[in-house]
Amino acid sequence: MTQSIIHIESANYLRPEKLPTPVDWSAIFGNGDPLALEIGCGIGDFIAATATDRPDMNFIAIDFYNKGCWKTCRRIDRAGLGNVRVLRVEARQFIADMIAPGSLAAAYINCPDPWPKKKHRKRRLVNRPFMEFLREYLLPGADFYFATDFDDYGIDVAGMLAGLDGFANQLSPDLYRHELTRYHLSKYMNKFMAEGKKIYFIHYRKN
């Protein structure tokens, strides 16, 4: 059954087809603060908490699901946050079309679809080709954070990043940790942890 599309009325919700190209994010936010991207914002609890902590940074939160974007907008609107913009887009195309190379100060990916069946794992977002692609859009010194509750996804990404040029592991000598100080937990992370699952946190920085 097809789900109905929720109409989103929020000053913080951007429709990509209405954005000029190239996108001048400093004009959209009204300042030249550093730019960060969350891929897969879910219901917006992580980005709302993180943006509250970092009023000196501008955040773009994207998700493929309309309902998630709607919930994210409601959350950031209630919090009165002026440093978050939300878009419903596919990650790779959005980055290629609307993010200038070397312009992101941080990127966050929390609990993406793990595609648990072995035959489907090639569909996972975070892999070597994607990280080589994303690397070109990060500033030197930019942070990349990845978190998943799915064991082999976390271990695979940790191993892959350890052998990828251009990044330095910020958790060394560990490839990942199950707790990350001052990193906000989403509703889904808390749910998974309550079920006894471990979260794999990975933090790298572009050289």
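Biologist: Why is Cys111 called partly exposed?

Modeller: Cys111 has a relative accessible area of 21%. Buried means under 20% relative accessible area and exposed means over 50%, with partly exposed in between (1.4 Å probe, protein chains only). The value for Cys111 falls in between, so the residue is partly exposed.

Biologist: What kind of model is this?

Modeller: This is a predicted model, in which local features need pLDDT of at least 70 and side-chain atom pairs count only at pLDDT 80 or more, while totals for chains, interfaces and linings use all residues. Residues are numbered from 1 along each chain as its sequence is written, and side-chain values use heavy atoms, with hydrogens and water left out.

Biologist: What makes the backbone of Cys111 worth a remark?

Modeller: Its phi is positive, about 50°, and Cys111 is not a glycine. Most residues other than glycine have a negative phi, and most peptide bonds are trans. Cys111 sits in the loop between strand S4 (104-110) and helix H5 (128-135). Helices (H or I, at least four residues) and strands (E, at least two) are DSSP runs, numbered from the N terminus.

Biologist: Where are the cis peptide bonds?

Modeller: One joins Thr21 and Pro22, with omega about -5°; Pro22 lies in the segment before helix H1 (25-29). Another runs from Ser172 to Pro173, with omega near 15°, and Pro173 is in the loop between S6 and helix H7 (187-194).

Biologist: How many helices and strands does the protein chain have?

Modeller: There are seven helices and seven strands. Along the sequence they follow the pattern α-β-α-β-α-β-α-β-α-β-α-β-α-β.

Biologist: Why is the protein chain called as compact as a globular protein of its length?

Modeller: The radius of gyration is taken over C-alpha atoms, and the globule rule is 2.2 Å times the number of residues to the power 0.38. For 207 residues the rule gives 17 Å, and the chain has 17 Å, so it is as compact as a globular protein of that length. Its C-alpha atoms fill a box of roughly 40 × 40 × 35 Å along the principal axes. Of the 207 residues, 47% count as buried.

Biologist: What makes S7 largely enclosed?

Modeller: Six of the seven residues of strand S7 (residues 200-206) are buried, so the rest of the structure largely encloses it. S7 pairs with strand S5 (residues 138-148) in the antiparallel sense over six bridges, and with strand S6 (residues 167-169), again antiparallel, over three bridges. Two strands pair if DSSP finds at least two bridges between them. In S7, Arg205 is the bridge partner of Asp143 and also of Ala168.

Biologist: How do you know that S4 is mostly covered?

Modeller: Seven of its seven residues are buried. Strand S1 (residues 35-39) runs parallel to S4, joined by five bridges, and Ile39 stands opposite Ile109 in S4. S4 also pairs with S5 in the parallel sense, over six bridges. There, the bridge partner of Ala107 is Phe144 in S5.

Biologist: Which residues of H2 are buried?

Modeller: In helix H2 (residues 45-53), they are Asp45, Phe46, Ile47, Ala48, Thr50 and Ala51. These buried residues pack against several elements, among them S1, strand S2 (58-63), helix H3 (66-79) and H7.

Biologist: Why is Thr148 called buried?

Modeller: Thr148 has 0% relative accessibility, so it counts as buried. The residue lies in strand S5.

Biologist: What does Thr148 contact, beyond its neighbours within four places in sequence?

Modeller: Thr148 is in contact with Cys111, Tyr153, Gly154, Lys198, Ile199 and Tyr200. Contact means heavy atoms within 4.5 Å. Lys198 is 50 residues from Thr148 along the chain, and their C-alpha atoms are separated by 8.5 Å. Across the protein chain, 78% of the contacts between residues at least 6 apart in sequence join residues at least 24 apart.
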